[in-house]
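Open the model in your viewer and keep the sequence panel beside it. The stops below say what to select next and what is there.

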Amino acid sequence: RHSTATRKSLHNVVRLLSLLAAPEDGRKIKVRVVRNLPKDRLGDCGQGKDHYLVRLSAEIVDGQPDAVWMLLAHEWAHALVWENCTHSHGEAWGMALARAWRIISGELSPGDLSNDMA
């Protein structure tokens, strides 16, 4: 049984991220909650023909709602810097992670778009 509140919040946060932190290459980022991730990961990010796919562990989304947001920010950042450093956790990824986290935490909102330098 999944947490409806967390899933609804996740949907809303993904919509906001799509507005404020979209990949520069024009691709969309799709987010799926899945039960069949390899045992060694809580989430991952892959590339499709016209989109990136972020997969989040259903066990985390449904069982550890406080951990969902950092996991989402982590994987979203991979999509944002895919062309630069695919799976690296380097400087570009760290900057993308910070941007995603600022949006998820409410520090950066749609009204900030016109004056945001990041």
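How many helices and strands are there in the protein? There are five helices and three strands, where helices (H or I, at least four residues) and strands (E, at least two) are DSSP runs, numbered from the N terminus. This is a predicted model, in which local features need pLDDT of at least 70, side-chain atom pairs count only at pLDDT 80 or more, and totals for chains, interfaces and linings use all residues. Residues are numbered from 1 along each chain as its sequence is written, and side-chain values use heavy atoms, with hydrogens and water left out.

**Whole chain**

Show the chain as a cartoon. Read along the sequence, the pattern is α-β-β-β-α-α-α-α. Colour by accessibility next: of the 118 residues, 40% count as buried. Buried means under 20% relative accessible area, exposed over 50%, and partly exposed in between (1.4 Å probe, protein chains only). For contacts, meaning heavy atoms within 4.5 Å, residues 24 or more positions apart account for 54% of those with a separation of 6 or more.

**Helices α3 and α5**

Select residues 65-80, helix α3, and residues 91-104, helix α5. Their axes come within 8 Å and cross at roughly 135°. Axes here are lines fitted to C-alpha atoms, for helices over the stretch in contact, and angles run from 0 to 180 degrees between N-to-C directions. The two helices are therefore oblique to each other; angles under 35 degrees count as roughly parallel, over 145 as roughly antiparallel, 65 to 115 as roughly perpendicular and the rest as oblique. The crossing of α3 and α5 is right-handed. A crossing is left-handed if the near helix is turned anticlockwise from the far one by less than a right angle, and right-handed if clockwise.

Now show side chains. On α3 the contact is made by W69, M70, L72, A73, H74, W76, A77, H78 and L80, and on α5 by W93, A96, L97, A100, W101 and I104. By class, this contact has 13 nonpolar, two polar and no charged residues. Ala, Val, Leu, Ile, Met, Phe, Trp, Tyr, Cys and Pro count as nonpolar, Asp, Glu, Lys and Arg as charged, and the others, Gly among them, as polar.

**Helix α1 against both**

The crossing is right-handed. T6, S9, L10, V13, V14, L17 and S18 of α1 meet P65, V68, W69, L72 and W76 of α3. The residues of this contact are nine nonpolar, three polar and no charged.

The axes of α1 and α5 come within 10 Å and cross at roughly 130°, which makes α1 oblique to α5. This crossing, too, is right-handed. Select V13, L16, L17 and L20 in α1, which meet R99, A100, I103 and I104 in α5. Seven residues of this contact are nonpolar, none is polar and one is charged.

**The nonpolar core**

Which residues of the largest nonpolar core touch the most other members? Select L10, L17, L56, L72 and W76, out of 32 residues in this core. A nonpolar core is a set of buried Ala, Val, Leu, Ile, Met, Phe, Trp, Tyr and Cys residues joined through side-chain atoms within 4.5 Å. α3 gives the most to this core, with nine residues.

Centre on L56. Leaving out residues up to four places away in sequence, L56 touches L10, V31, R32, V33, V34, L37, L42, G43, V61, L71, L72 and E75.

Go to V61 in helix α2. V61 is buried, with a relative accessible area of 1%. V61 and T6 are 55 residues apart in sequence, yet 7.0 Å apart in space, C-alpha to C-alpha.

Next, select Y52 in strand β3. Is Y52 buried or exposed? Y52 is buried, with a relative accessible area of 1%. Beyond four places in sequence, the residues that Y52 touches include P23, D25, C45, W82 and E83.

Finish at R41, in the loop between β1 and β2. R41 is partly exposed, with a relative accessible area of 35%. Draw a distance from R41 to S57: the C-alpha atoms are separated by 8.1 Å, and the residues are 16 apart along the chain.
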